[in-house]
Amino acid sequence: MGRTSSDVVGAEQALERLFRLTVSRRMYSRQSAAVGAVVTRAGYAVLRSVDQAGELTMTELARECSMDPAAAGRQVRSLTEDGLVERRSGADDARVTVVRLTPEGRDVYRRIVAVRTAHLDEVLSGWSAEDRTALTTLVDRLVDDLKAVPFRPAPTATRATPATPATPATPATEERP
């Protein structure tokens, strides 16, 4: 396998900086203070997906948020306790749980969107319209490709390891000093 090019290494490092920033407690606290509500990133994904769909089954929600069903269930439980979403049985099948936003959840979601878009508008204010469009296009393309391309195992060294000399077994009946 060949060496990784410096532009790929640079992209990986830039993305790592972005990912660290998005999980930064400091950034999270500042956003929460501006919104006036505390919603985790995963909780925000749930709110966004439910807002866009109107209501979703737990299975649909997990798929939309790229979460396993247990993680989606934990998020919904937490958001339900906070009064932001409500669960109910499906109209056609009582075994199916449907999730939708409460009025408070819709309000909190809209405040989060307003704070985030205003912040990003300010951040990108010095960028040209072409750069903003390119950013959107490239990030969407990157996300699609990250989902589509599987991880490959890291290459392993092919050198042989020295054999360990066999140790003769000690018979169980042998007396020990």
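The legends below describe close-up views of a predicted model.

**Figure 1. Overall fold of the protein chain.** The protein chain has seven helices and three strands, which follow one another along the sequence as α-α-α-β-α-α-β-β-α-α. Of its 177 residues, 20% count as buried. The accessible surface comes to about 13800 Å², and carbon and sulfur atoms contribute 55% of that area. Among contacts with a separation of 6 or more, 48% join residues 24 or more positions apart.

**Figure 2. The largest nonpolar core.** This core has 24 residues, and Val39, Val46, Leu47 and Leu61 have the most contacts inside it. Two or more residues each come from helix H3 (41-53), helix H4 (58-64), helix H5 (69-81), strand S3 (97-101) and helix H6 (103-123). Leaving aside residues up to four places away in sequence, Val39 touches Tyr28, Tyr44, Leu47, Leu79, Leu84, Val108 and Ile112.

**Figure 3. The three-stranded sheet.** The sheet is open, with strand order S1-S3-S2 and antiparallel pairing. Strand S1 (56-57) and strand S2 (85-89) are the edge strands, each pairing on one side only. Five bridges join S2 and S3 in the antiparallel sense. Arg87 has Val99 in S3 as its bridge partner.

Figure 4. The side chains of Arg20 and Glu16 meet in a salt bridge, 3.6 Å from N to O. The two residues are four apart in helix H1 (residues 6-22), so about one helical turn separates them. Arg20 is partly exposed, with a relative accessible area of 47%; Glu16 is also partly exposed, at 33%.

Figure 5. Arg110 and Asp51 form a side-chain salt bridge (3.6 Å, N to O). Because Arg110 lies in helix H6 and Asp51 in helix H3, the pair ties together parts that are 59 residues apart in sequence. Arg110 counts as partly exposed at 44% relative accessibility, and Asp51 counts as partly exposed at 22%.

**Figure 6. Salt-bridge network around Arg100.** Arg100 and Glu55 meet through their side chains in a salt bridge (3.9 Å, N to O). Arg100 lies in strand S3 and Glu55 in the loop between H3 and S1, so this pair ties together parts 45 residues apart in sequence. Both residues belong to a network of salt bridges that links Glu55, Glu86, Arg88 and Arg100. The search of the whole structure finds seven salt bridges.

**Figure 7. A nonpolar surface patch.** Trp127, Leu135, Val139 and Val143 make a patch of about 310 Å². Leu135 lies in helix H7 (residues 129-148) and is partly exposed, with a relative accessible area of 32%.

How values were computed
Residues numbered from 1 in each chain as written. Predicted model: local features only at pLDDT ≥ 70, side-chain atom pairs only at ≥ 80, totals over all residues. Heavy atoms only, no water. Core = buried A, V, L, I, M, F, W, Y, C linked by side-chain atoms within 4.5 Å. Buried < 20%, exposed > 50% of the residue type's maximum accessible area, 1.4 Å probe, protein only. Contact = heavy atoms within 4.5 Å. Patch = residues over 30% accessible without salt bridge, like charges linked within 9 Å, V, L, I, M, F, W, Y side chains within 5 Å. Areas by Shrake-Rupley, 256 points an atom, 1.4 Å probe, with all protein chains shown as cover. Salt bridge = Lys/Arg side-chain N within 4 Å of Asp/Glu carboxyl O. Pairing = 2+ DSSP bridges.
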